[in-house]
Amino acid sequence: MSTVAKTIRFITGYWRVNWQGAMEFRASFWTQMITMLINNGVWIAFWGIFFNRFPVVKGWEFTDVLLLWGITAGAFGWLHILFGNVGRVAYLIANGQIDSYLTMPKNILLHMLISRMSFSAWGDVLFAWLLFFIAIPFRIDHLLIYIMAQMLGGVLMGAVILAGQSLAFWIGNSEGLSFQIANAMITFTTYPIDIFQGFTRLLLFTLLPAGFISIMPIALFRGLHLSFLVMLISVTILFAASSVFIFYRGLRRYESGNMITLKM
Amino acid sequence: MIEVNSLFKTFKVKQKEPGLYGSLYSLFRPKYQEKEAVSSLSFTIEQGEMVAFLGPNGAGKSTTIKMLTGILHPSGGEARVLGYIPWRERKQLSYRIGTVFGQKSQLWYHLPPSDTFELMARIYELKRGDYLQRRKKLIERFEIEPYLHTPVRKLSLGERMRCEIIAALLHRPEIIFLDEPTIGLDVVVKVKIREMIKELNREEGVSVFLTSHDAGDVEDLCKRAIVINHGRIILDQAVRDMKRNYLRYKVINVKLGKMPNTLSMAGLKILKQKERGLKLEIDTKMASIEEVLQSLIAENTVEDITIEDPSMEQVISYIYAGAGVSG
Amino acid sequence: MMWKKGAKYGAVFRISLSQQFAYFYDFLIRTLFLILILFVFSRLWITAYTSGGTALIEGYTLEKMMWYLMVTESIYMAFPALVDRIEKDVKNGEIAYFLNRPISYIGFQYGQYLSEAVFRVAINLCVGSVLIYFMAGGIPIPNLLGFIPLVFLALTLQYVTVMAVCLSSFWVEDIRGFHLVYSRLLMIIGGMMVPLEIFPEWLQHIARILPFQSIIYLPASFFVGAHTEPLATMLIEQGLWLVFFTLILLGIYRLGVKRLNVNGG
């Protein structure tokens, strides 16, 4: 069996086991899924009230925000279903649980990420598809763009989250900070980019690339802007590569054993 | 098998003065001190040996194990495990070693052990037929057939530990690193698990590298003990000899009816005395427990009594103090 | 003699201060999140007002809106994580120790809750005020004599309702679902995200008769001077809800205790 095939078997093995875990805790699974739906739904209610008062803001309408939430929730959703440990890497590092992974023959990062599945993320995915059918008329090109937007958005989100989590290799007790980085990223993706100007806007297209996601309804669904798409793909690849690089840099530091702080 | 030569590891440790000002100070102007966790370790372990790796907390045990399993890079020296340099060839080595950490579980908590075994098969890329055969054998050997499909969270600690060991053995490792494997288990289960491990060693020649604070684990499983303290090996001998030399001490805590007369007996040492409570140490080579007890009861009323093995710490301190040489 | 005593208290103070240092870090993180949220919300409303070209919406100027949101967020984000504590107590049976003295357990938790909540509200308001002042200017001068009791009653009412929700863990395995629904209702119907005046008519009617707005909307609207009712009416409204939910809470507690006794924990 080739290496690729073995790796696929490895990954799908985990995904299947994760799913079985969800079925084992069926009640919890459904509860978490539904509460996430409600959670997201509240925000849609808010935007409904908002756009009831302000039908158009900087070119944005209610439909655009629905799409935005759909993309964001969908991206977050698949990321946390398939790579559910992405938001817990800092915890695993701080608690030494990374050691178990280090003694096994598979790629550390991949292994860590796939060994958990978020239950509530299924609520996000369901939510994303409900919105898709409510927000815009069904067209094949819309569907394809929607899927692509979620895929790229998820990778971009994952890259930022992972980079934040990898801080644990350098800073003790980084879990709070790492969580807030992820939080900031996700928060910014759920607001129309055009409410931000100047320095903030620049920030959202550089250091914290949430802007690439929060512009998608305008840049992908009101006519597909190819230049943007190219930029989006490049930025996603760049951030993904950087994030993985940061993780492995941190891992090297971990292996040299200089993460220990003792009180004298 | 395992060859270690002058292995050492120093850590840069951040120095923090106690108190509030210290915390602030260390934030802005950190001072580092070099701490030698492991200094110039050398030993060799042959195929099929069962070795206990002992030492008090902070002695450098886990640092050494981490270096041998490739998790940690040493500061200097050499080591080879199964011919591999662990920290350089970690992946290749990992196919051939197994680890069981008593405190950290490798099993998936909410799933039955059978699912964890499935995953292990994929992680270690085991051939289907091979894996199934191996699995069957181990399940029979460790007697977990009835719980194979019960979620791990519903199993008792003993059942869980057996599953952990199986999970670590599925890929036929040539060495297993066991860290506190019987912690928290009751005596009957401990004995059973040790028996199973010994059988496996006899039949398949699996080497065992054991860290444990349980003297019973050491005595029952291992022929050889390496004792480490402050990062250095202070003893490397057969357990039988170590036992003869150092494990012959027993500690008695006794509370007497009234202040005792002077207690003196060859082989009896008073470790601590507080009014009517005494902590005594018996050298069983010189005086049997029975003799001591008889003497105590003859001259005193005994209100309360416990008899203990010396702790691993105490044994280490005996060794370190050079207490008792063979013969 | 005095010097020794002084030194002792000095030591206690320093030690507890350095303990606070550990909490401080966690605290800082939470405060950063408050700033983030307020910043994003502010940008949204600034954009809405300026691109809409209106200066006044249902009586709210842009400044008033932002100060309003600052207060709602400050209060909402000050709520301690009661769910975690209570869930733990019920699951591991700790609550059994307090079984026969409901006032004691509920009172004890209330004391802890209130001290933490008041502290956090104060900090949030300070930090939030600085941010909003820089973004929108125009500090409203609230009537503290009225504002403080409104906040106090709001926090107490919040405590009582969340406690009641949490204690349903006597019957239900996972109460987080209920708690989440409650806190989301609080967010939207309670007026945390937008003032009630912005709601469509039908939703406003519903919101005004529910208890959620007593917790968030009332104190915040009073703070910015957007309230239409006299202070006394608002306090009475809060008070009535408080009485109502306290009775429910005690009822749930007694029923739960009975169940615990019957089922042997």
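The model is a predicted one, in which local features need pLDDT of at least 70 and side-chain atom pairs count only at pLDDT 80 or more, while totals for chains, interfaces and linings use all residues. Residues are numbered from 1 along each chain as its sequence is written, and chains are lettered from A, with ligands numbered from 1, in the order in which they are written.

**Chain C**

Select chain C and colour by secondary structure: there are ten helices and zero strands, where helices (H or I, at least four residues) and strands (E, at least two) are DSSP runs numbered from the N terminus. Of the 265 residues in chain C, 37% are buried, a residue being buried if 20 or more other C-beta atoms lie within 10 Å of its own, exposed if 12 or fewer, and partly exposed in between, with C-beta atoms placed from the backbone.

Next, select residues 62–76 and 217–224 of chain C, which are helices α2 and α9; their axes come within 9 Å and cross at roughly 140°. Axes here are lines fitted to C-alpha atoms, for helices over the stretch in contact, and angles run from 0 to 180 degrees between N-to-C directions. The two helices, α2(C) and α9(C), are therefore oblique to each other, since angles under 35 degrees count as roughly parallel, over 145 as roughly antiparallel, 65 to 115 as roughly perpendicular and the rest as oblique. Show side chains for C:K64, C:W67, C:Y68, C:V71, C:T72 and C:I75 of α2(C), and for C:P219, C:A220, C:S221, C:F223 and C:V224 of α9(C), which make the contact; two residues are in contact if their C-beta atoms, placed from the backbone, lie within 7 Å.

**Where chain C meets chain A**

Now bring chain A into view, where the contact takes 27 residues from chain C and 25 residues from chain A. On the side of chain C, α1 (2–52) and α6 (176–189) each supply at least two residues, and the largest share, 13 residues, comes from α1(C). The residues on this side of chain C divide into 18 nonpolar, four polar and five charged, where Ala, Val, Leu, Ile, Met, Phe, Trp, Tyr, Cys and Pro count as nonpolar, Asp, Glu, Lys and Arg as charged, and the others, Gly among them, as polar.

**The sheet of chain B**

Turn to chain B, which has eleven helices and 13 strands. An open sheet of six strands, with mixed pairing, has the order β5-β6-β7-β3-β8-β9; two strands pair if DSSP finds at least two bridges between them. Select 97–101 and 232–238 of chain B to see β5 and β9 at the edges, each with a single partner strand, so one side of each is left without a neighbour in the sheet.

Within the sheet, select residues 50–54 and 207–211 of chain B, strands β3 and β7, which run parallel and are joined by three bridges; the bridge partner of B:V51 in β7(B) is B:F209.

Finish at B:A238, which lies in strand β9 of chain B and counts as exposed, with 12 C-beta neighbours inside 10 Å. A distance drawn between the C-alpha atoms of B:A238 and B:K223, 15 residues apart along the chain, gives 5.6 Å.
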